[in-house]
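Have the model open as you read.

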Amino acid sequence: MGVLVAVEGLDGAGKRTLIEATAARLRADGLRVSTLAFPRYGRSVHADLAAEALRGAHGDLAESVNAMALLFALDRADARAELTKLVLDNDIVILDRYVASNAAYNAARLAQSADSEIARWVAELEFGRFQLPTPDLQLLLDVDTELAADRARKRGELDATRALDAYERDGGLQRRTLEVYRELAEGNWRSPWWRIRSDDDPASAAARLAELVSG
């Protein structure tokens with residue numbers, strides 16, 4: 001049975017870079033490592049509907065906080081069997097976003113905190129009703145919102161498929177989301193959290209994760 005780790009943070013925070021570097025280091029140490037990114041764009045109808053809504057399709061769908069949260073939750077629910085198998089077959093599974101992202105973004109949309117009704121609803125929906133596995137550890141990649149926004153913008157300019165959506169274009173939402181993420185981390189929401197800065201050495205994170213797996 002492997003260790004399940006979720007890496008959280010804003011769009012443009014550098015989650016993919018951290019995950020790739022950490023996974024490479026862990027594999028070099030002889031560990032079996034697998035990764036999975038949410039939302040599963042191109043693989044999940046629910047994720048694709050959410051992405052289309054955030055780019056203006058499907059009428060007023062994107063205006064509903066609960067509807068958008070449900071679409072992202074259904075994407076993860078459909079991946080439960082795949083995720084369970086990955087955890088069984090590997091020493092460590094690293095997720096690029098997980099349930100906490102749903103809690104953080106939607107609490108931020110409603111100008112609420114980490115202990116708000118919407119955050120509790122998301123947790124009950126995903127961990128309770130959909131029975132998704134609780135992560136053993138959650139990592140917040142804590143990066144300044146302006147730096148993350150600049151990275152996301154440049155990424156969109158280079159790759160049309162990753163052009164900014166409504167959430168990414170909303171600087172106020174991004175700032176509020178980071179505040180909620182920090183509250184989630186400080187309160188160890190649903191499991192232990194580590195906070196990592198973008199200038200932290202990925203090798204250090206990999207070494208700490210290796211110790212966690214061996215323990």
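Helices (H or I, at least four residues) and strands (E, at least two) are DSSP runs here, numbered from the N terminus. By that count, Ser101 sits in helix H5, residues 99-109. Keep in mind that this is a predicted model, where local features need pLDDT of at least 70, side-chain atom pairs count only at pLDDT 80 or more, and totals for chains, interfaces and linings use all residues. Residues are numbered from 1 along each chain as its sequence is written, and side-chain values use heavy atoms, with hydrogens and water left out.

So is Ser101 buried or exposed? Its relative accessible area is 8%, so it's buried (under 20%; exposed is over 50%, partly exposed in between, 1.4 Å probe, protein chains only). The Ser101 side chain reaches the backbone oxygen of Tyr98 at 2.6 Å. Leaving out residues up to four places away in sequence, Ser101 touches Glu8, Arg76 and Tyr181 (heavy atoms within 4.5 Å).

Now the cavity. On a 1 Å grid over the protein atoms alone, that's a set of points where a 1.4 Å probe fits but cannot get out, and lining residues have an atom within 4 Å of a point. The structure holds one cavity of 30 Å³ or more.

| Item | Value |
|---|---|
| Volume of the largest cavity | about 40 Å³ |
| Lining residues | Val5, Val7, Leu18, Ile19, Thr22, Ile94, Leu139 and Leu209 |
| Elements giving two or more lining residues | strand S1 (3-8) and helix H1 (15-28) |

H1 gives the most to this lining, with three residues.

Notes. A polar contact is a pair of N or O atoms within 3.5 Å; within protein, one must be able to donate a hydrogen and the other to accept it, and residues adjacent in sequence count only if both atoms are side-chain atoms. On a 1 Å grid over the protein atoms alone, a cavity is a set of points where a 1.4 Å probe fits but cannot get out, and a pocket is an open set with protein on both sides within 12 Å along at least five of seven lines; lining residues have an atom within 4 Å of a point. Grid points are joined across faces, edges and corners, and a volume is the space filled by probe spheres set on the points.
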